[in-house]
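Good morning, and thank you for coming. Please look at the sequence and the structure as I bring them up.

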Amino acid sequence: MTAIVRYISSIIERVTHLCHRNYDSVIFLDFDGVLSPITDEEEVARDYYGVLFNSECTQNLNSLIETTNAKIVVTSSWRQYLSLWKLRMMWRRRNMLGEILDVTPVMSIYRGNEIDAWLRRNRPMCYVIIDDMDSRQFCEHHAHHLVTCNGRVGLTKTDVQNAITKLTK
């Protein structure tokens with residue numbers, strides 16, 4: 001009987017180890033209002049995947065990724081209609097820098113809860129949340145990780161500097 005318990009315990013330990021992955025730096029990234037500024041225009045450029053990202057916002061994200069080598073975890077609502085595979089394909093086809101590592105689970109109207117669920121299964125050394133939603137969408141303990149963009153402007157150089165500071169503290 002104890003041999004069976006030890007065997008089952010060893011399997012549980014291995015599975016738990018596989019579930020908890022470690023990463024250096026992670027960017028929890030929203031798309032709309034961050035890479036695609038919100039506009040009143042009815043005609044916006046699209047491709048197979050959706051609205052095209054703003055070139056200046058994309059350059060700013062590329063600068064952040066080049067500086068920090070952070071991996072991306074998508075928090076955007078796009079994860080609800082594009083699979084992880086399609087998001088990665090979109091990233092490559094749009095010639096974006098960096099790597100989409102994962103998506104947060106869809107489980108709550110509060111992004112903070114979804115980020116916490118992802119963090120329970122993964123262990124980044126540091127992370128930043130880049131979103132155009134205000135802090136009420138996030139948990140109190142996320143405040144020092146949050147960079148809030150102006151949704152009508154998108155990701156700016158100032159936002160990138162704030163993100164770099166948060167990732168390199």
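Let us begin with helix α5, residues 157-167, in this predicted model. Which of its residues are buried? They are Asp159, Val160, Ala163, Ile164 and Leu167. These residues lie on the same side of α5, because the arc they cover around the axis is only 140°.

I turn now to the salt bridges, of which the structure holds seven. One of them joins Arg152 and Asp40, with the closest N and O atoms 3.3 Å apart. This pair links distant parts of the chain, 112 residues apart: Arg152 sits in the loop between β5 and α5, and Asp40 in the loop between β1 and α2. Both Arg152 and Asp40 are exposed.

Another salt bridge is formed by Arg94 and Asp47, whose closest N and O atoms are 2.7 Å apart. Here too distant parts of the chain are linked: Arg94 belongs to the loop between α3 and β3, Asp47 to the loop between β1 and α2, and the two are 47 residues apart. Arg94 counts as buried, because its relative accessibility is 15% and the cut-off is under 20%. Asp47, at 29%, is partly exposed.

Finally, consider Arg111 and Asp131, whose side chains meet in a salt bridge at 2.5 Å, N to O. Arg111 lies in helix α4 and Asp131 in strand β4, so the pair ties together parts 20 residues apart in sequence. Are these two residues buried or exposed? Arg111 is buried, at 10% relative accessibility, and Asp131 is buried, at 0%. Together with Asp30, Arg111 and Asp131 are linked in a network of salt bridges.

Technical notes: Residues are numbered from 1 along each chain as its sequence is written. This is a predicted model: local features need pLDDT of at least 70, side-chain atom pairs count only at pLDDT 80 or more; totals for chains, interfaces and linings use all residues. Side-chain values use heavy atoms; hydrogens and water are left out. Buried means under 20% relative accessible area, exposed over 50%, partly exposed in between (1.4 Å probe, protein chains only). Helices (H or I, at least four residues) and strands (E, at least two) are DSSP runs, numbered from the N terminus. The arc is that of the directions from the helix axis to the C-beta atoms. A salt bridge is a side-chain nitrogen of Lys or Arg within 4 Å of a carboxyl oxygen of Asp or Glu.
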